[in-house]
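These notebook entries record what I looked up in one structure.

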Amino acid sequence: MTGEDDGKRKCFTIIWKLENASYCWQSRSEYIESPSFTVDEIQETKWKLRLYPSYENEIGFHLFRQADNKGAESVAIDCEFAFLASDGSLLDVIETKNAVIAKLGCIGNFVSRNEVFTVRRSVFLPQDTLTARCRIWKSVGEMSKDVQCFARTRIAVEKRSFLWNIENFSTFRKDKKETYEIKFHGNDESFMSLELFLTRGLVFDETVRFKIIPNYKNIKMCTFQLSVVDASTKAVKCFQDEFWYRDPCGSKDFTIFCTKSELLEKKSTYLPNDVLSLWCECAFSCGIMLQ
């Protein structure tokens, strides 16, 4: 926890917002950097914040000193790392005293990845934005004034939604396959393929199956959701998952809630005009970071 005296000491504060945080794709040793900032009263040293989104089961939050031309080879600082809620209240905070940081050196803190992205997601990631704060004090002496700066990094995310109609579904056979290629805007390059086919199920019924095949050459991370749209235009969700380039799975298969014969029995609901309507939504990142 923060010391009582630190609330009275003048310090340098940087608040950094990471937008679309759920789309972090980095592996264990990879990080996201904030824009550079200079702490004038600590020998005009230059720094960056670094976030390691997937450091095993934790998120690493570090203060990194750049190889600036000014300042001593090592400087001593007190610092505090915190994550903030939307109202500015502290969610996780740790303080370090008298840390000696050389050029290209760093110091940091870790927080549970599960805590941030799952257990307390609503407070850590309002509108999918992670807010990190770092406060820096002189270890010896006092700063002359409080300084506060703000930085923002956005992971560029593109979204697609479309209706995929499978016509003449009643005649669809086990030896057939329907394919849909999801392409980037502006070119013919595909970043994901969808396949629909039938397999033999229990009691000789035919199971309606899908295969999702992401192209990891083109995307870093992707979310995908598929729903069946009934005659009243109500969407019944069948599948939702995430795909990561750091842990490529090749493809994912799933079935919908009805077999082919069950869909035919309920054709007035799910097969108006003998058309199976599928609503697909996906969002993906190609690894572009905007400062």
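This is a predicted model: local features need pLDDT of at least 70, side-chain atom pairs count only at pLDDT 80 or more; totals for chains, interfaces and linings use all residues.

**Entry 1: strand β1 and its neighbours.** I then asked how many bridges join β1 to β9. Eight bridges link β1 (residues 12–19) with β9 (residues 129–138), and these two strands run antiparallel. Within this pair I located Glu-19 opposite Thr-129, and Trp-16 opposite Ala-132. Turning to β10 (residues 147–155), I found that it is joined to β1 by eight bridges and that the two run parallel. Here Phe-12 stands opposite Val-147.

**Entry 2: the nonpolar core.** I looked up the largest nonpolar core and found 43 residues in it. Phe-37, Leu-63, Ile-77, Leu-130 and Ile-136 are the residues with the most contacts inside this core. Strand β6 (residues 74–84) supplies the largest share, five residues. The core takes at least three residues from domain 1 (12–145) and at least three from domain 2 (157–290).

**Entry 3: pairing around β14.** I next followed β14 (residues 206–214). It pairs with β13 (residues 190–200) over nine bridges in the antiparallel sense, and Glu-195 is found opposite Lys-211 of β14. Five bridges also join β14 to β17 (residues 252–259), again running antiparallel. In that pairing, Arg-209 has Thr-255 of β17 as its bridge partner.

**Entry 4: the largest pocket.** I recorded a space of about 210 Å³ for the largest pocket. Which residues lie nearest its centre? They are Thr-223, Gln-225, Gln-240, Glu-281 and Ala-283, out of 13 lining residues. The elements giving two or more residues to the lining are β11 (158–167), β15 (221–229), β16 (235–244) and β18 (275–285). By type, I noted four nonpolar, four polar and five charged residues in this lining.

**Entry 5: Trp-244.** I placed Trp-244 in strand β16. Its relative accessibility is 14%, so Trp-244 counts as buried, the limit being under 20%.

Entry 6: Most residues other than glycine have a negative phi. I therefore checked for exceptions to that pattern. Gln-43, which is not a glycine, has a positive phi of about 60 degrees. Gln-43 lies in the loop between β3 (37–39) and β4 (45–55). At 42% relative accessibility, Gln-43 counts as partly exposed.

Leu-104, also not a glycine, has a positive phi of about 70 degrees. Leu-104 lies in the loop between β7 and β8 (106–112). Is Leu-104 buried or exposed? At 55% relative accessibility, Leu-104 counts as exposed, because the limit for that class is over 50%.

Methods. Residues are numbered from 1 along each chain as its sequence is written. Side-chain values use heavy atoms; hydrogens and water are left out. On a 1 Å grid over the protein atoms alone, a cavity is a set of points where a 1.4 Å probe fits but cannot get out, and a pocket is an open set with protein on both sides within 12 Å along at least five of seven lines; lining residues have an atom within 4 Å of a point. Grid points are joined across faces, edges and corners, and a volume is the space filled by probe spheres set on the points. Helices (H or I, at least four residues) and strands (E, at least two) are DSSP runs, numbered from the N terminus. Ala, Val, Leu, Ile, Met, Phe, Trp, Tyr, Cys and Pro count as nonpolar, Asp, Glu, Lys and Arg as charged, and the others, Gly among them, as polar. Two strands pair if DSSP finds at least two bridges between them. A nonpolar core is a set of buried Ala, Val, Leu, Ile, Met, Phe, Trp, Tyr and Cys residues joined through side-chain atoms within 4.5 Å. Buried means under 20% relative accessible area, exposed over 50%, partly exposed in between (1.4 Å probe, protein chains only). Domain bounds come from an automatic or database domain assignment.
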